[in-house]
Amino acid sequence: MNAISLLILFPFVAALIIFITKNDNVRNVMVRLSAVITAILTLAVVFLYFNDGITYTYSHETAIDACIMVIEILVAAYIISAGIKNKKYLVSIFSFMQTTLILWFEFTQKNGIEVGTGIVFDKLSAIMVLVVGIVGSLICLYAVGYMKWYHIHHSNYKDRKSFFFAILFLFLSAMFGLVLSNNLTWLYFCWELTTLCSFLLIGYTQTKEANNNAFRALVINLGGGIAFAAAIVFIGMKYDTLELSAFIAMKPGAIVMIPVFLLALAALTKSAQLPFSSWLLGAMVAPTPTSALLHSATMVKAGVYLIIRLAPLLGDSSVGRIVTLVGGVTFLACSLMAISQSDAKKILAYSTIANLGLIVICASVGTQESLWAAILLIIFHAVSKSLLFISVGSAEHQIGSRDVENMDVLLGVSKKLAFFMLIGIAGMFLAPFGMLISKWVAMKAFIDSDNIVTVIILAYGSAATLFYWTKWMGKLVSKANAKDQTKHKFHLDEELPIIILAILVVVSCFGFPLVSKYALIPYLTAVFGKDAIYPINAGDVKLMLYMLSMLIILPIGFIPIHRWDKRRIAPIYMAGENTGDNESFHGAIGTTRKVELRNWYMESYFGIKRLSFWSDIIAVAILVVGVILLIGGLT
Amino acid sequence: MTLLITLAIVILTPLAGGLLTGLDRIITARMQGRQGPPLLQPFYDVIKLMNKESMQVNTMHRFFVYAALVFAVFTAVILLSGGDILLAIFALTLGSVFFVLGGYASNSPYSTIGSERELLQIMAYEPMVLLTCVGLYYTNSSFFIRDIISSKLPAIIYLPGVFIGLVFILTFKLRKSPFDLSMSHHGHQEIVKGITTEYSGKDLAVIEVTHWYEVIISLALVYVFFAFAMPLSHLFAVMACLIVYFFEIIIDNSEARVKWQQALNSAWIVTGVLGTVNLIILSYFR
C-alpha cells in the first residue's frame, strides 16, 4: 500500500470511526486528530511524488471495480428510496437511469477494455491534493468548534454531529479519489460520492427548507451525473478506453466533441454555473463548515478541475466557445447580482459562482496562459473563500447575525475577526493579492487569444466585484455602536484555522512565483508539448511584492503614532444635531434618534429576480446552440 | 539613476498637478466672471492646512487617506517611469479603495454617503479604464508604457472610440461636474464635503495632494494615446492633455451634477458602445 492509497483511504476510515463514536469529547479529539493526519498525509504525498509524479494501477483492479459497483448500487438504492419517500421522483428517475446505464455498460460492454494506469499523480493533481487536503482539513478542524456552538444556538435541530463529521471526511476521501483517478469509472464513482455527500450535508438540519435544497442539489448534480455516465459509455464503446489521459490525448474532431460536451456539461452542473447554479445558493442553509467545504476546497472545484483536464480538447472548438460563453454569462450575472445581497453567505455564494465562471472561462479558452490563470485562481480562491466562510460563521456566533449591515459592530466586538475578514476580502479582489494576479493574466490571455467579448465581460464584472467587496469592507472598518457591544472571545478551534488560512492568503501571494515555476510551468509545458512562458513580467512581480510589503508595513508603521500624537477627537458632524455620543442625533420635536447608516444595494439595477431570469435564459440558449452546433458538426 | 527618476517623479508630479489645479481655478473664475485666485493658490491652501490643528473623529480614519496617498504615488511612479499600465491601474484602484474605506471608517453620515457614491463612481468608470489598457495592449502587444510610446504610430489612430470613452470617464477621475457626486471641490454640496467631511488640517492637505497626483495620472492616460516614436509627438501629447483638461473644465462649469443613476448609466453605456465597438473592430482587423 503506497502513500497515495493511504491518502485516499485514511479519511474514509476516519469517517467510519467518527461515525460510530458517540461520546462528544472523544469524537472531537478524533476529528482533530484525523484532520491533522490528513493534512500531514497530504504533505507527505506531495513531498514524495511532486518532482517526478507517479502513474500506476492496482493489481487487484477487478476487486476494486466490484467493490465500487456494490457501493454504487447501494447508493443508488438509497437515493431512489429517499426520492420516493420525499416525493422527489425526478431524483429517483435520474439515479435509476445513470446506475442502469453504468451497470449495463460494466456487464455487457466493458469486456476487453484494459485500464493501464488507474491513478495519475502529476503537478495538477498535486495542487488539487494540496488544496483539498490542507484547506479541507482546516475546515474540519474549524467544524469541531463551530458545531459545538451551533447546537447551543440552534437547540431545535437534532444533534447529528457524528454523522456530520463523518460525511466531511468522506467528502475529502472522495475528492482525493476524484483528483487522482485516471480511470474514468473510478472518477465517476468519486464524482457521484461527492454529490451524495453534498446532499447529506445540505440536508443536515432536516428542516423543510434544508430538505428541499438538498434535493435540489441532488437532482441537478445527478443530472450532470447522467451526462458523465453517458460520456463514459460513449468513450468506452467508441474508443475502447476508459483512461482520462488517453481520452484527452485524442485529436479534436466532430465525434470526440460529443463526450467532451457531455463531460463539460457534468462539470458545469458541479461547478454551479448558470443555469445550474441554484443548488449552490440553496446550500447556504447548512451549517457553515458545509458551505466552506463546498465552496472552496471540494465539490465546485471538482467541476473546474475536470474542465482544466479537458482544456486541450476544448481550446478552439465550438464546444470550448460554448463553455467559455456560459462561464462568461455566469461571471458577469453573478458579480452583478452579488451587489444586491446583504446576507454575507449569499454574497459569498454569488462570488463563488462568479469566480468559478471565471475559472471556467480560463480553462475553456485553453491556452497555456489562460490555464496558468485558471489553476492559480483555484488555489487563491480556495484559500480566501474558506477563510471568508469560516470567519462569517464565527461572526454569526459573536454578533448573532450574518447580515453585512450588522457587521459594522464587528470591529468593536472582535478586532481580530474583523481583521481576518478584511484579509480574506482583500484576497478576493485587491491588488496585489492572488485573485487579482490571476485576473490580470486571464485578461492578457483572453486578448492574446482574441476573446474580446470575454475581455469586456471581465472589465464590467471586475468593476461590480470591486463594488460589493468594498462596501462590505466599509462596514467592517466603520466600528459603529461600539458602546453597547460586549467583547467576545474566540474559541481556539475556530481561531486556529482562521489564523492559518489568513496566513495562507498572504503567503500564497508571496509564493505564487514559486508555484508557477515549479508546478504550473512544468505542467503546462508537458500538456501542450511546448515551453510555457511565465505570463507576468519579472519586474512587475517585484513591484507586486513591493505593494504587498507596503500593505503589511503601512498599518504597523501607523500604530505607535497615535499613542503620543495629541490630536483632538471631535464629534462627528451631523449638521449640529449630534447628541454627543456619535450614535444619535436630535430629531424633530425634541426626540433623540439613532443614526443608522446603510449600504447601497440598488435593487432596481441588480435585483436578483430579473437578472437571474434573463441570465438563466441566456445560459440555456447558449447550451442549446451548443447542442445544435454539435449535431451540425456531425453531418 | 532609477532612484533619481523615481525621486523626480515623486516631487514633480504634485507640483505639476498643483499648478494645473491653480490654472483650473483661474479659468473657472474667469468663466464665472470673477478674477480668481493667484496661480499658486492651491499650494498656499495646502501649506495653510498643514499648519492647522488636525482634528479627528476617531484614531483610525486618517490612516486610510495616507495609504491612499502612498498608492497614488506608487501609481504615478509606475506610469511615468514607463511601467506596466495595468499594474499601475490596479495600484490606483487599491488607493481609491483605501480612500473609500476612510470615508466609512469615520462613520459619519455625510462621509458614509460620500463613500457609497465614490464606490459607485469607481464602478462606473472602472470598465472603461480597463478597456483602455486592453486597447493599448491590442495596438502594441505590450502593457508597458515605454513600449506604447515608442511604437510607429500613435495609439489614437487605432483607438478613437476608446479615447473618447476615456475622456468621458476622466470627468469622474478629475472630480468634475456632472460626475462629482462623492465630493465636490465646493463646500456647498447637499452632503457637505462628502467623503472628506470629517478630515481637517494635515489629513485634508494629504487628500489634496493625492488629488494632484491623480490629475497627473489621469492626464498620463491621455498622453499615451498621442505619444509615439516621433520626438515631436510628445509635444502634441502634452498639448492634447492640456486641451482635454481645458475641455473638462468647460464641462465642469456648464453641467449640473447628475443623479447616480445617470452617472452609472451614461458611463456604462459609453463604455459599452465606444469601447466595445472600437475593440471589436480592432480585433477583426488583427
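Modeller: Happy to! The centres of domain 1 of chain A and domain 2 of chain A, taken over C-alpha atoms, are separated by 25 Å. Keep in mind that this is a predicted model.

Biologist: Which residues belong to each domain of chain A?

Modeller: The domain assignment gives 1-314 for domain 1 and 316-562 for domain 2.

Biologist: And how many residues of the two domains are in contact?

Modeller: Domain 1 of chain A brings 45 residues to that contact, and domain 2 of chain A brings 47. On the domain 1 side, α5 (123-153), α10 (257-270), α11 (278-282), α12 (288-297) and α13 (300-314) of chain A each supply at least two residues.

Biologist: Which of them gives the most on that side?

Modeller: That would be α5(A), with 15 residues on the side of domain 1 that touches domain 2. By class, this side of domain 1 has 33 nonpolar residues, nine polar and three charged.

Biologist: Nice. Let's step back to the whole of chain A. How many helices and strands are there?

Modeller: Chain A has 25 helices and five strands. Its radius of gyration is 25 Å, close to the 26 Å that the globule rule gives for 635 residues, so chain A is as compact as a globular protein of that length. Along the principal axes, the C-alpha atoms of chain A fill a box of roughly 85 × 55 × 50 Å.

Biologist: What share of the residues in chain A is buried?

Modeller: Buried residues account for 58% of the 635 in chain A. As for contacts between residues at least 6 apart in sequence, 80% join residues at least 24 apart.

Biologist: You mentioned β3(A). Which strand of chain B does β3(A) pair with, and in which sense?

Modeller: β3(A) pairs with β1 (residues 55-56) of chain B, in the parallel sense and over two bridges. If you want a spot to look at, I569(A) stands opposite Q56(B) in β1(B).

Biologist: Great, thanks!

Technical notes. Residues numbered from 1 in each chain as written. Chains lettered and ligands numbered in written order. Predicted model: local features only at pLDDT ≥ 70, side-chain atom pairs only at ≥ 80, totals over all residues. Helix = DSSP H or I, 4+ residues; strand = E, 2+ residues; numbered from the N terminus. Rg over C-alpha atoms; globule rule 2.2 N^0.38 Å. Buried ≥ 20, exposed ≤ 12 C-beta atoms within 10 Å, placed from the backbone. Contact = placed C-beta atoms within 7 Å. Pairing = 2+ DSSP bridges. Domains from an automatic or database assignment. Nonpolar A, V, L, I, M, F, W, Y, C, P; charged D, E, K, R; others polar.
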